[in-house]
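Welcome, and please take a moment to look over the structure shown here. A short briefing follows it, grouped by topic.

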Amino acid sequence: MSGPGDADYEQRRSVWNGMIDRRPHMILRPKTTSDVSEIVCFAARTGLPLSVRCGGHSFPGFSTCDAGIVLDLTRIKDVTVDPKARIAQVGGGALLGDLDRASAPFGLVTPAGLVSHTGAGGLTLGGGMGWTSRRLGLTIDNLLSAEVVTADGKVVEASPQKDAELFWGLRGGGGNFGVVTRFTYRMHPLGPITVAVWQYGKDQTREALRNLALRVPTAPRSLTLTLNVTVDGLSLTAFHSGDDGLGTAAVMAFADLAGPGDGGLVETDYVSLQCRSDAAMHPGRRYYGRGGFISALDGPVIDCMVDLSQAAPCPDAEIYMIQLGGAVADVPEDATAYSGRAGGFYWIVQPIWDDPADDARCLSWGRQGGKRMADLSQSENYLNEQGDVGKELTIKAYGAAKYDRLAQLKQRVDPTNLFRLNQNIAPAGHVKPPVRASSS
Ligand code: FAD
């Protein structure tokens, strides 16, 4: 345990987003599932606010709190890969880097995010999108089962066979339903990967995006694009996995979008690629994000991205996009709590800065820019990457019918809303408003 006054308190209370500065009463670091169960019962008895932390990467800082308990899962981070059965058992406090490093020697992968210090816990419970999602689905589409400590301290297994409704809610419903101490994922052969990266200057960005949009419909699902539009222009990455014979042609189909871009094929392995943005997005910088789904990269979206980039308040402010569709869209919308499978791309307007003196203008650009992009976007949303929170946003993101189903499940497994420091689902019939957390 660590508390105010302890030598490690300052380091242990910090989370990824440097905008968040909260002072919990105690930070508890369980080693086993039964420790987790004890802590959950203790929190319920005392009535203290309870934050559950895996990687600590929540934009609004859900994994810490003032004057409460932080249940820090980072000592439950073991990863066991069974290459024959092609499954991985992953502790609820593991980071994506832990999973990638354990899987790489077997040539196996499960789809997850693109930054290695992100927590597998929060990412999975929200959905989880990454380089191989168009080919293999979201992280939750590869979740086979989860070991969960519920609000009454009981340890339960959720899977298609055991409490299928809880398993449905865990796949997109965030940390609302308990503490997941173990995730079991289906793994896949990664195959050879081919990666190309190009940079286009700010005067080429609009033309490059327009030509990109024309080529997107012919992209195979084994290919995924990411875009970063900043004040300096466009950085485009094309990633291909699975079949070596197709990789080069698939990624090079996105070359020369506005004359020859600066760049081309890049030599890398998957684990290194997963660490590519680790330094730029290191813990402690100041962040805000607002995201959404668009069906296609059409003219108004391109104009909006270019306009926003030219008004960027800091050099590292960006409009980031990852291509979706493919296997993500194969799964019916109501099969999991995650909402927004029809999205062709997920975008996020994301200022990244270091000086607190820049807070107001960076937040203002992020919020106003996010609103402009949201006006062009679908109503369903990915709650894992939103800097602002609230019941209205949560209901809109899930849609009323899905939110109601989640609220019924919440009423059954957490009727007192013990797990409320998240994109909160109020238990059906619960009158007390959810506790709000905000990055400003
Ligand atoms: P935490 O702050 O530890 O937790 C986030 C929420 O999940 C909290 O409410 C917490 O209580 C809950 N939680 C975490 N672990 C558990 C658990 N084991 N049991 C119960 N509840 C738990 N998302 C993508 O899909 N793809 C990406 O490529 C991607 N890249 C990202 C890169 C960066 C740098 C960042 C900051 C975020 C990225 N995200 C991405 C979004 C990411 O999925 C969310 O921020 C996610 O919440 C992070 O999980 P965490 O465990 O690190 O966060």
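**Around the ligand**

An oxygen atom of the ligand lies 2.8 Å from a polar backbone atom of Gly56, a polar contact being a pair of N or O atoms within 3.5 Å, where pairs within protein also need one atom able to donate a hydrogen and the other to accept it, and residues adjacent in sequence count only if both atoms are side-chain atoms. This is a predicted model, in which local features need pLDDT of at least 70 and side-chain atom pairs count only at pLDDT 80 or more, while totals for chains, interfaces and linings use all residues. Residues are numbered from 1 along each chain as its sequence is written, and side-chain values use heavy atoms, with hydrogens and water left out.

- An oxygen atom of the ligand is 3.1 Å from a polar backbone atom of His57.
- A nitrogen atom of the ligand is 3.1 Å from a polar backbone atom of Gly92.
- The ligand is surrounded by 33 residues, and the closest are Val52, Cys54, Ser63, Met129 and Tyr382; a residue counts here if one of its heavy atoms lies within 4 Å of the ligand.

**Helices H7 and H10**

- Helix H7 (residues 205–215) packs against helix H10 (residues 299–310) at an angle of about 150°, and their axes are 10 Å apart.
- Helices are DSSP runs (H or I, at least four residues) numbered from the N terminus, and axes are lines fitted to C-alpha atoms over the stretch in contact, with angles from 0 to 180 degrees between N-to-C directions.
- H7 and H10 are therefore roughly antiparallel, the word for angles over 145 degrees.
- On the H7 side, Thr205, Arg206, Leu209 and Arg210 meet Ile302, Asp303, Val306 and Asp307 of H10, where contact means heavy atoms within 4.5 Å.
- The residues of this contact of H7 with H10 comprise 3 nonpolar, 1 polar and 4 charged; Ala, Val, Leu, Ile, Met, Phe, Trp, Tyr, Cys and Pro count as nonpolar, Asp, Glu, Lys and Arg as charged, and the others, Gly among them, as polar.

**Helices H10 and H12**

- The axes of H10 and helix H12 (residues 359–374) come within 10 Å and cross at roughly 170°.
- That makes H10 roughly antiparallel to H12.
- Val301, Cys304, Met305, Asp307 and Leu308 of H10 meet Trp365, Gly369, Arg372 and Met373 of H12.
- In the contact of H10 with H12, 6 residues are nonpolar, 1 is polar and 2 are charged.

Definitions and conventions: Helices (H or I, at least four residues) and strands (E, at least two) are DSSP runs, numbered from the N terminus. Angles under 35 degrees count as roughly parallel, over 145 as roughly antiparallel, 65 to 115 as roughly perpendicular and the rest as oblique.
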